[in-house]
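This briefing concerns one protein structure. Please view the sequence and the structure together before reading on.

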Amino acid sequence: MQSEPRSVREAILAAAVELFARYGYHAAPLRDIARMAGIQAASIYYHYANKQALLVEIMETYMRRLNASLEQIMREQPGPLERLREAIANHIRLHTSFKNEFFIIDTEIRALEGANRDYIMALRDHYEHLIQEILRDGMERGIFKQSDIKVTSYALITMCTEVATWFRPGGRLSVQQVIDLYSQLILQGLLCQGDSGQRPAGSEHT
């Protein structure tokens with residue numbers, strides 16, 4: 001009796017993700033979400049108060065996953081270079097694995113209402129602050145070149161996020177090859193001269 005509500009809820013969420021990503025939040029009626037989930041439209045209200053609640057759950061779930069994984073990296077990795085390399089890999093992996101979910105986060109902020117927008121923006125701000133903390137630490141230690149930390153963080157996040165717009169599974173490059181290429185490009189631009197970014201074998205695995 002307890003497993004069915006969870007499976008119905010998951011079906012509703014999956015349908016919402018697909019339709020929000022395909023048509024946009026405002027152009028995806030609840031009745032179409034219900035039809036795709038295999039339920040009556042009125043049944044959605046047993047699980048969600050309204051369409052806005054669906055949007056918030058999608059955004060909250062994946063922003064929290066993004067933040068939690070970066071927080072773990074910062075706990076486990078010893079320094080800013082290792083942390084940034086892992087942060088790049090983590091960002092690209094999540095955005096290519098959950099392409100629709102992060103596309104919704106990036107494009108439907110405008111659809112959030114009132115306190116919902118403030119809440120999701122706070123989660124996004126937290127992620128940006130974590131990236132900025134890595135950059136600041138690297139600059140203070142003389143590992144990264146001095147630059148505007150906010151602008152650098154925005155450029156890094158945007159660059160890694162955009163991978164999901166062109167990457168295709170089964171294409172010429174694997175996700176790991178893209179991660180390696182992006183890590184090289186980004187770190188070469190940030191590292192001070194004389195620090196090649198090389199580390200003992202085993203420390204570069206992502």
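The points below cover overall architecture, cysteines and a surface patch.

The model is predicted: local features need pLDDT of at least 70, side-chain atom pairs count only at pLDDT 80 or more, and totals for chains, interfaces and linings use all residues. Residues are numbered from 1 along each chain as its sequence is written, and side-chain values use heavy atoms, with hydrogens and water left out.

**Overall architecture**
- The protein has ten helices and zero strands, taken as DSSP runs numbered from the N terminus (helices H or I, at least four residues; strands E, at least two).
- The C-alpha trace spans about 65 × 40 × 30 Å along its principal axes.
- Of the 206 residues, 46% are buried (under 20% relative accessible area; exposed is over 50%, partly exposed in between; 1.4 Å probe, protein chains only).
- Among contacts (heavy atoms within 4.5 Å) with a separation of 6 or more, 71% join residues 24 or more positions apart.

**Cysteines**
- The model has zero disulfides, a disulfide being a pair of cysteine sulfur atoms within 2.5 Å.
- The sulfur of C192 is 20 Å from the closest cysteine sulfur, in C160, and is therefore too far for a bond.
- C160 is buried, at 0% relative accessible area, whereas C192 is partly exposed, at 23%.

**Surface patch**
- M159, L181 and L185 form a nonpolar surface patch with about 230 Å² of accessible area together (Shrake-Rupley method, 1.4 Å probe; for residues, only the protein chains shown count as cover).
- L181 lies in helix α10, residues 175-190, and is partly exposed at 37% relative accessibility.
- Patch residues have over 30% relative accessible area and no salt bridge; like charges are joined within 9 Å, and nonpolar side chains (Val, Leu, Ile, Met, Phe, Trp, Tyr) within 5 Å.
- A salt bridge is a side-chain nitrogen of Lys or Arg within 4 Å of a carboxyl oxygen of Asp or Glu.
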